[in-house]
Amino acid sequence: MTIASGFNARRAFIAEVTGNTTPATPAFQIMRAVTGNFDPRKTTKESQEIYTDRNVRSVYQVAQDMEGNFNMEFSNSSFDYFIQNCLQSTWTANVISDSNVPITYSHEDTLDNGGGALSYLRYTGCQVDSLSLSVKAANEITMSMVAKARGVTTGTAIISGATYVASNTNPIEVATNVGSLAVLGLSPVPRLQGIDFTISNSLRTRHIVGDLYSQDFGADMVKVSGKFMAYYDSVAFLQAAIAHQAGALTFQIGTTVGQRYTISMPSVRLLDPNINLGGRTSDIMQEISFQAEGSAATPCITITRAV
C-alpha cells in the first residue's frame, strides 16, 4: 500500500436524525477545510499494585472520547450547518440566533492508500463545542472549530448506498470584504486591524457505568467572547473600555448581494484594554477584549445569511 497523502483526504458530514446514528444510505456533504480531524482520546489508569520487581502489571482503559480541531477559510454557504450546530438552533428565514436545542451529526474521513485501497474513520454523535471567526487586515477570513464525538469506528468499505455531495466553489472571503461596521455607536468607528470572536458551549462528557463512551454532552451557558485589535487614533475607544461600557457590534461579510452575512451582537461588554506603545517603527495599538450579553428576547448573537 502507498503512504496516504493529506491532499487525498476527504472530510464529509451528515446531520443525524437519531442521535449517535449515521442515517441509512447517507448523502454525505463534503466539507471544505484546510486542516483538521478527530482524534480518539483514551482515559487510562495505571495499576497501583506493588511488586518487588517494580514492573507495572496493567494499564487499563476506563473511557474513550473523541475531539476534533478543524481550520477553514470562510466562504459563503460552506459552514452554515456548523454555525447551526454550534448555536444549538435552526436557520429560520435565513436568520439564526443562539438557542438551546442540541443537534448532532456524523463525520467521516476517507483516506486513500492508492491502488483503490481506501480506509474510513467514522465518528457519530458529533457536536460543535466552539466556533471561532478571525478577521485580520490584509488576510483571508478564517474559521476554526472544535467538535466532540461520542463514537468511532473504522472500515475499508463504503457505507452501503452512501453518496457524496461535492462542496461548493464559492470564493474565499477576505478582510476587504467586511463592511457596515458599527462598534458601540462610536463615531468615528475605530480603525480595526482585526477582530476575533468565539462562540463556546463548554461541552462536557457524561460517562455512565457499563459504557466506554459518553452518553451525550452537557453544555454550559453559551459564551460569545472576542477581542478588537485597533489602531490608537483617539482616546474614545480606550475610555469606553475603562468605563466598562456596552453596546452593539455589527458587521457584514461579503460583497455580492444575496451572498453576504450580517453578524450582530446587540450588547458587547468591553473588558480589559491593553495598550501597546511599540517602538520607533511601530504604530501604537490597542487590544480590547469583549463578551456578548443577551437574553431570550435579545440573544447574544444573531447571524443573517443571504443578505
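1. Terms for the linings. In what follows, Ala, Val, Leu, Ile, Met, Phe, Trp, Tyr, Cys and Pro count as nonpolar, Asp, Glu, Lys and Arg as charged, and the others, Gly among them, as polar. On a 1 Å grid over the protein atoms alone, a cavity is a set of points where a 1.4 Å probe fits but cannot get out, whereas a pocket is an open set with protein on both sides within 12 Å along at least five of seven lines; lining residues have an atom within 4 Å of a point. Grid points are joined across faces, edges and corners, and a volume is the space filled by probe spheres set on the points.

2. Basis of the model. The model is predicted: local features need pLDDT of at least 70, side-chain atom pairs count only at pLDDT 80 or more, and totals for chains, interfaces and linings use all residues. Residues are numbered from 1 along each chain as its sequence is written, and side-chain values use heavy atoms, with hydrogens and water left out.

3. Overall architecture. The chain has 19 strands and two helices; these are DSSP runs numbered from the N terminus (helices H or I, at least four residues; strands E, at least two). Its C-alpha atoms fill a box of roughly 65 × 55 × 45 Å along the principal axes. Of its 307 residues, 41% count as buried, where buried means under 20% relative accessible area, exposed over 50%, and partly exposed in between (1.4 Å probe, protein chains only). Contact means heavy atoms within 4.5 Å; among contacts between residues at least 6 apart in sequence, 68% join residues at least 24 apart.

4. Surface. The accessible surface of the chain is about 15,800 Å², and carbon and sulfur atoms account for 51% of that area. Accessible areas come from the Shrake-Rupley method with a 1.4 Å probe; for residues, only the protein chains shown count as cover.

5. Nonpolar core. A nonpolar core is a set of buried Ala, Val, Leu, Ile, Met, Phe, Trp, Tyr and Cys residues joined through side-chain atoms within 4.5 Å. The largest one has 55 residues, and those with the most contacts inside it are Tyr 105, Leu 133, Phe 197 and Met 265. Strand β7 (residues 118-136) provides the largest share of this core, six residues. Beyond four places in sequence, the residues touched by Phe 197 include Leu 131, Leu 133, Val 224, Phe 251, Ile 263, Met 265 and Phe 290.

6. How many cavities of 30 Å³ or more does a search of the whole structure find? The search finds one, and about 110 Å³ of space lies in the largest cavity. Among its lining residues are Phe 74, Leu 131, Ser 132, Leu 133, Phe 197, Ile 199 and Ile 263. The elements giving two or more residues to this lining are β7, β12 (192-200) and β17 (261-276), and β7 gives the most, with three. The lining has 11 nonpolar residues, one polar and no charged.

7. Largest pocket. This pocket holds about 390 Å³ of space. Of the 19 residues that line it, Asp 98, Ser 99, Asp 220, Met 221 and Val 222 are the closest to its centre. Its lining divides into 10 nonpolar, seven polar and two charged residues.

8. Second largest pocket. Here the space is about 190 Å³. The lining includes Val 135, Leu 181, Leu 192, Gln 193, Ile 195 and Phe 251. Strand β12 gives the most to this lining, with four residues. By class, the lining has eight nonpolar residues, three polar and no charged.

9. Backbone points to inspect. The peptide bond from Ser 187 to Pro 188 is cis, with omega near 0°, and Pro 188 lies in the loop between β11 (178-183) and β12. Ala 138, in the loop between β7 and β8 (142-149), has a positive phi of about 60° although it is not a glycine. Ala 138 counts as exposed because its relative accessibility is 77%. Ala 306, in the segment after β19 (302-304), also is not a glycine and has a positive phi of about 55°. Ala 306 counts as partly exposed, at 39% relative accessibility.

10. A loop residue. Ile 158 lies in the loop between β9 (151-155) and β10 (163-165). At 42% relative accessibility, Ile 158 counts as partly exposed. Leaving aside neighbours within four places in sequence, Ile 158 is in contact with Tyr 120, Arg 122 and Tyr 164.
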